[in-house]
Amino acid sequence: MSSTAASAPAVHATITIPGTNKTASLPLLSGTLGPQVADIRKLQAQAGIFTFDPGYGETASCESKITYIDGDEGVLLYRGYPITQLAEKSTFLEVAYLLLFGELPTEAQFKDFSHGITMHSMLHEQIRRFWEGFRRDAHPMAVLCGVVGAMSAFYPESVNINDPREREISAFRLIAKIPTITAWAYKYSIGQPFMYPRNDLSYAENFLYMMNAVPPEPYKKNPILERAMDRILILHADHEQNASTSTVRLAGSTGANPFACVAAGIAALWGPAHGGANEAVLKMLAEIGDKKHIKTFISEVKDKNSHTKLMGFGHRVYKNYDPRAKIMQQTCYEVLEELGIKDEPLLDLAMELEKIALEDDYFVSRKLYPNVDFYSGIILKAMGFPTTMFTPLFALARTTGWISQWMEMIADPQNRIGRPRQLYTGAPQRDYVDIARRG
Ligand code: ACO
């Protein structure tokens with residue numbers, strides 16, 4: 001049987017609750033790709049039970065047409081297009097259009113879209129003053145979170161989330177301004193003047209310009225680095241219902257404005273188990289320091305009591321390989337060659353670590369493979385980015401995915417407030433005892 005989730009399915013799974021005469025008939029929904037999913041929306045009404053799924057690994061929280069992952073086959077599709085083809089042939093702005101609107105643009109549509117994004121890249125001058133309130137050593141993710149959240153104070157009409165035009169304007173503003181906010185977070189941390197965006201540069205090149213240029217020097221463009229940056233942005237643009245995207249959707253399900261929702265996504269991305277992993281990979285490589293220490297490090301990772309993880313390895317969904325990691329590894333070689341970096345000790349160390357881990361039964365049996373972050377940190381370091389900027393860069397790219405998912409959710413008639421339940425294991429009901437009579 002094949003049906004879309006929207007159409008009435010003919011096949012049901014049945015659950016019978018032992019010791020009762022209760023039965024639930026769960027419709028099996030089929031998407032265009034991937035396994036069927038059991039629709040449990042009537043489970044409690046029919047059977048008096050609900051489901052337990054910490055981490056939501058077995059739960060589809062929404063219907064989506066944006067991104068598809070097959071974790072066993074190492075497949076990642078944006079709107080049906082394989083990530084490898086997009087990384088090779090497309091540009092980040094074209095991918096942004098695709099994610100937002102569902103189709104690749106015609107030349108005229110792309111011209112309009114690029115113009116719309118380029119024309120919104122400046123920040124309101126008053127937003128600039130926020131920076132004076134941040135400490136110089138503030139983590140740029142903290143700055144991103146604060147500034148993006150505060151944008152709703154400048155665009156109060158963005159609270160009209162039921163107006164499709166307002167939603168689109170907010171999406172344009174976010175995609176256009178996030179490179180400026182990210183680059184300024186960096187410039188502030190090193191005490192250099194903010195560079196204003198340049199409309200004659202591509203999205204990726206303009207970001208590199210705002211990061212690296214200084215007023216007294218002419219800026220030298222580098223097409224290889226521009227292409228590498230564009231590819232990094234494409235690879236990070238969306239990844240279906242990951243932790244930060246689910247956070248954006250959960251916040252959005254309450255009717256919160258898009259800037260607040262994306263700020264929530266930035267906060268979720270910051271953690272080392274998610275977007276913070278690329279920063280953590282470099283820290284880990286620096287701590288290992290030398291190939292001769294790899295064995296000891298791997299033993300530590302395998303020791304359950306150590307809480308040490310091999311950062312950049314493992315993924316909730318990919319249990320074969322992360323297709324983004326392969327493209328990232330290739331890009332890594334191109335960037336190092338372009339920059340004339342012949343021997344990069346961190347890359348040598350990473351490759352040796354990867355080789356040893358991929359032959360070790362601990363990682364093989366748990367299906368742990370390098371993820372996108374294993375190599376991205378090395379490229380970014382070679383391009384001159386400090387480690388604290390790795391996760392902000394990820395946030396820059398993912399802003400497009402977050403806002404596309406948010407737009408899809410708001411337009412979805414099935415959207416309702418996200419409100420998971422719990423398996424309560426606390427004290428049963430008991431009576432209050434006066435403080436003098438306790439203990
Ligand atoms: N190093 C060592 N052991 C690991 C690792 C790792 N990186 N990842 C998972 N494991 C182990 C777990 O300890 C567990 O072992 P057990 O079965 O003996 O208890 C087993 O592999 C299964 O792992 P889970 O924790 O169930 O996997 P989960 O899907 O919950 O976690 C995650 C996925 C968070 C990505 C995890 O692999 C991890 O922390 N990796 C390192 C951080 C990282 O690189 N994050 C980036 C993810 S990609 C992204 O966000 C862009």
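In the predicted model, a backbone N or O atom of L310 lies 2.8 Å from a nitrogen atom of the ligand. A polar backbone atom of G312 is likewise placed 2.8 Å from an oxygen atom of the ligand. The side chain of K304 contributes an N or O atom at 3.0 Å from a ligand oxygen. Of the 930 Å² that the ligand exposes when taken alone, the protein buries 74%. The ligand is surrounded by 21 residues, and the closest are L310, G312, F313, R316 and N371. By class, this shell divides into 11 nonpolar, 5 polar and 5 charged residues.

The largest nonpolar core comprises 118 residues. Within this core, the members that touch the most others are Y78, W131, M229, M284, L285, L353 and F385. For F385, contacts beyond the neighbours within four places in sequence are made with F207, L208, M211, M229, L380, F390 and L393.

With neighbours within four places in sequence left aside, G271 is in contact with G276 and A277. The relative accessible area of G271 is 25%, so this residue is classed as partly exposed, the category between the buried limit of 20% and the exposed limit of 50%. G271 and F52 are separated by 219 residues in sequence, and their C-alpha atoms are 24 Å apart in space.

Terms used. Residues are numbered from 1 along each chain as its sequence is written. This is a predicted model: local features need pLDDT of at least 70, side-chain atom pairs count only at pLDDT 80 or more; totals for chains, interfaces and linings use all residues. Side-chain values use heavy atoms; hydrogens and water are left out. A nonpolar core is a set of buried Ala, Val, Leu, Ile, Met, Phe, Trp, Tyr and Cys residues joined through side-chain atoms within 4.5 Å. Buried means under 20% relative accessible area, exposed over 50%, partly exposed in between (1.4 Å probe, protein chains only). Contact means heavy atoms within 4.5 Å. A residue is near a molecule or strand if one of its heavy atoms lies within 4 Å of it. A polar contact is a pair of N or O atoms within 3.5 Å; within protein, one must be able to donate a hydrogen and the other to accept it, and residues adjacent in sequence count only if both atoms are side-chain atoms. Accessible areas come from the Shrake-Rupley method with a 1.4 Å probe; for residues, only the protein chains shown count as cover. Ala, Val, Leu, Ile, Met, Phe, Trp, Tyr, Cys and Pro count as nonpolar, Asp, Glu, Lys and Arg as charged, and the others, Gly among them, as polar.
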